[in-house]
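Consider the structure shown here, taken one region at a time.

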Amino acid sequence: VRVAGVDDGHTTPDDPGAKPTSPYLLRGNVNADGAALPGVAVLLQGEGATVGDVTDSSGNYSIATVGGEYVLSVSKPFYDFAPPVQTFTNLKQALDGVNFTASRQKRTIYGVALDDGGQPVPNVEMTLTSSAVATMKSITDATGAFSFVELPAGFAYAVTPGTHKIFTFTPQTIDQLSATTNLTLRGVRRTYSISGRVTNQSAGLANTVVTLQQTGATSISDA
């Protein structure tokens, strides 16, 4: 394909369908909450080819291409972008300031605390910890349910149940919160001892049968 030019003082016409071949530079920046966002994949697709770049530590990228029609897109796990894509119907010059704004996606952790019989356990304090958010607390309701909402996606989280007089619960960890997550915490019943002394006018009374009515357990007093 020949593009119009000058040869020996004579102008040569374009071949049909010819396009300028000089490279044009697309440059821009990607930020999230006003801060540079590195590691964003930037792809320019069109004219039968795909070229790309990855934003640097300052959130900047640059892509060289020829004129034509293109779609520019950006992507990074756990982020949404505005605009999602940018379209160029007739790229014929270098462009600067082709920017995108990113926002971190949010997820929810919810769950239920159950006893050893599968029944809900209310009033259990759940504590959420993560490097992504300040410590959060949620108390199980009458159905044993708890939830933590609007959590930044992609981070690790830990849910630690508080002390309960009847049941113990095992803390739960999520290595990477990639989707809304449902937790079921099953309690293990605590065991306690009841002890005392049977007396008759301050003297110990041996061989007395002591019955615990709730369970039917029995014990015989010693001397």
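Leaving aside its neighbours within four places in sequence, which residues is F81 in contact with? In this predicted model, F81 contacts V30, L37, V40, V74, S75, K76, T101 and A102.

The largest nonpolar core has 20 residues, and F81 is one of those that touch the most other members, together with V30, L37, Y61, L72, F88 and A102. At least two residues of this core come from each of β3 (24–32), β5 (41–46), β7 (60–65), β8 (68–75), β9 (79–82), β10 (85–91) and β11. The largest share is that of β3, with 4 residues. Another core, of 17 residues, lies apart from this one and includes V124, L128, L177 and L183.

F100 belongs to strand β11, which spans residues 100–104. Its relative accessible area is 1%, under the 20% limit, so F100 counts as buried. Beyond four places in sequence, F100 touches N29, V30, N31, Y61, L72, V74, A82, P83, P84, V85 and Q86. Of these, N29 is 71 residues away along the chain, yet the C-alpha atoms of F100 and N29 are 6.4 Å apart.

Turning to the strand pairing, an open sheet is formed by 4 strands in the order β6-β5-β8-β10, with antiparallel pairing. Its edges are β6 (49–54) and β10, each of which pairs on one side only. From one strand to the next, the twist averages 20°. Within this sheet, β5 and β8 are joined in the antiparallel sense over 5 bridges, and Q45 stands opposite V71 in β8.

Technical notes
Residues are numbered from 1 along each chain as its sequence is written. This is a predicted model: local features need pLDDT of at least 70, side-chain atom pairs count only at pLDDT 80 or more; totals for chains, interfaces and linings use all residues. Side-chain values use heavy atoms; hydrogens and water are left out. Buried means under 20% relative accessible area, exposed over 50%, partly exposed in between (1.4 Å probe, protein chains only). Contact means heavy atoms within 4.5 Å. A nonpolar core is a set of buried Ala, Val, Leu, Ile, Met, Phe, Trp, Tyr and Cys residues joined through side-chain atoms within 4.5 Å. Two strands pair if DSSP finds at least two bridges between them. Axes are lines fitted to C-alpha atoms, for helices over the stretch in contact, and angles run from 0 to 180 degrees between N-to-C directions.
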